[in-house]
Amino acid sequence: MGHCWIGIASRDHVQRGVKDGFCQLGHGKHAPVQRLAPGDGIVYYSPRTSLEGGEPVQAFTAIGRIKPGDAYQADMGGGFLPWRRDVAWKKRTHEAPIRPLLETLELTKGKASWGMAFRRSSISITEEDFETIAAAMGVAAKDA
């Protein structure tokens, strides 16, 4: 299957990426997207609805696979050139709240301070965790 990743971003940013078929990590930094490879699984965790003080979400909000091709820069204006990768997002999914999964995911199991892991822009996860999240979102991991 390749590697599996969690990207962390507000729901509004995730929705834009899903709509336009891309992911970016760490506010457009090169290194995190450079680690992604075609076929890798990616799922987004959204702590809030928007970057600037939105409402809490605490759910997995999108899932897909990295498409063939290299990382590239996009011009968003004002000199902002974030790095991106194209993603085949699974369209017929639903958000999966993290709380019911905390004691199931290897990433969070037994960790009182589970939220600390989500302070980074991306996290490498096991295939098992990816499969668990995919199932919670209503899709088989192989179809994500």
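Here is a chat about the salt bridges and nonpolar cores of this predicted model.

Biologist: Let's start with the charged pairs. How many salt bridges are there?

Modeller: The count comes to three salt bridges.

Biologist: What makes Arg-11 and Glu-95 a salt bridge?

Modeller: Their closest N and O atoms are 2.9 Å apart. The cut-off is within 4 Å, so the pair qualifies.

Biologist: And which parts does that pair tie together?

Modeller: Arg-11 sits in helix H1 (residues 11–20), while Glu-95 is in the loop between strand E6 (83–89) and strand E7 (96–97), so the bridge ties together parts that are 84 residues apart in sequence.

Biologist: Why is Arg-11 called partly exposed?

Modeller: Arg-11 has 23% relative accessibility. Buried would be under 20% and exposed over 50%, so a value in between is called partly exposed. Glu-95 gets that label too, with a relative accessible area of 31%.

Biologist: How do you know that Arg-16 and Asp-20 form a salt bridge?

Modeller: Here the closest N and O atoms are 3.9 Å apart. That passes, because the rule asks for within 4 Å. As for where they sit, Arg-16 and Asp-20 are four residues apart in helix H1, so about one helical turn separates them. Arg-16 is partly exposed at 44%, and Asp-20 is partly exposed at 41%.

Biologist: What about Lys-19: buried or exposed?

Modeller: Lys-19 comes out at 66% relative accessibility. Exposed means over 50%, so Lys-19 counts as exposed. The side chain of Lys-19 meets that of Asp-20 in a salt bridge, at 3.2 Å from N to O.

Biologist: Which residues are linked in a network of salt bridges?

Modeller: Arg-16, Lys-19 and Asp-20. Asp-20 pairs with Arg-16 and also with Lys-19.

Biologist: Now the nonpolar side. Which residues of the largest nonpolar core touch the most other members?

Modeller: Out of 23 residues, those are Ile-6, Val-43, Phe-60, Phe-118 and Ile-125. Elements giving two or more residues to this core are strands E1 (4–8), E3 (41–48), E4 (56–66) and E8 (122–125), plus helix H3 (127–136).

Biologist: What is Val-43 in contact with, leaving aside its neighbours within four places in sequence?

Modeller: Its partners include Trp-5, Ile-6, Phe-60, Ala-62, Ile-125, Phe-130 and Met-137. Contact here means heavy atoms within 4.5 Å.

Biologist: Which residues belong to another core, apart from that one?

Modeller: That other core has 15 residues, among them Cys-23, Leu-25, Val-33 and Ile-42.

Definitions and conventions
Residues are numbered from 1 along each chain as its sequence is written. This is a predicted model: local features need pLDDT of at least 70, side-chain atom pairs count only at pLDDT 80 or more; totals for chains, interfaces and linings use all residues. Side-chain values use heavy atoms; hydrogens and water are left out. Buried means under 20% relative accessible area, exposed over 50%, partly exposed in between (1.4 Å probe, protein chains only). A nonpolar core is a set of buried Ala, Val, Leu, Ile, Met, Phe, Trp, Tyr and Cys residues joined through side-chain atoms within 4.5 Å.
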